[in-house]
Amino acid sequence: MCGRYVSPDSGTIERVWRIRQAACKAFPRCFNVLPGATVPVLRRDAESALVLIQARWGFIPPWWNQSKPSEHCFSTRCEDAARKPMWQPAYRSARCV
């Protein structure tokens, strides 16, 4: 699986998804998003409206106890996510996909 992707700018995201307001600063378009970068994410708020927020792209396992997050936890194969202990809790609770 590729560890990088292209992220559209926040104006495009707001226009395409019809978001009323962004809950974060404006994001420029990025052609090389790396794991660990701050990225735009869509989520539902209390009124079930889509909100654009910022989040760190990556994964911190529940058992991780060091101050610095792991740099290698950002993707898995779909057939492994449901059965491997590192990914099971997040897979069951419908984490950001």
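Mean pLDDT for this protein is 79, and 89% of its residues reach 70 or more; pLDDT is the predictor's confidence in each residue, from 0 to 100. So much for confidence overall; now the ground rules.

This is a predicted model, in which local features need pLDDT of at least 70 and side-chain atom pairs count only at pLDDT 80 or more, while totals for chains, interfaces and linings use all residues. Residues are numbered from 1 along each chain as its sequence is written, and side-chain values use heavy atoms, with hydrogens and water left out.

First, the layout. The protein has three helices and four strands, in the order β-α-β-β-β-α-α along the sequence. Helices (H or I, at least four residues) and strands (E, at least two) are DSSP runs, numbered from the N terminus.

Next, surface and contacts. The accessible surface is about 7400 Å², with 54% of it belonging to carbon and sulfur atoms; areas come from the Shrake-Rupley method with a 1.4 Å probe, and for residues only the protein chains shown count as cover. Of the 97 residues, 26% are buried, meaning under 20% relative accessible area, with exposed being over 50% and partly exposed in between (1.4 Å probe, protein chains only). Among contacts with a separation of 6 or more, 43% are between residues 24 or more positions apart, a contact being heavy atoms within 4.5 Å.

Now the hairpin. β3 and β4 form it, with five residues between them, and Ser 48 in the turn has a positive phi of about 65°. The two strands run antiparallel and are joined by seven bridges, β4 covering residues 50-56; strands pair if DSSP finds at least two bridges between them. Within this pairing, Pro 40 stands opposite Gln 54 in β4.

Strand β2, residues 30-33, contains Val 33. Val 33 counts as buried because its relative accessibility is 4%.

Finally, the helices. Asp 9 caps the N-terminal end of α1, residues 10-17, with a side-chain oxygen 3.1 Å from the backbone nitrogen of Gly 11. Arg 18 follows α1 and has a positive phi, near 55°. In α2, residues 78-81, we find Asp 80. Asp 80 is at 5% relative accessibility, so it counts as buried. The Asp 80 side chain makes a polar contact with the side chain of Arg 83 at 2.8 Å. A polar contact is a pair of N or O atoms within 3.5 Å; within protein, one must be able to donate a hydrogen and the other to accept it, and residues adjacent in sequence count only if both atoms are side-chain atoms.
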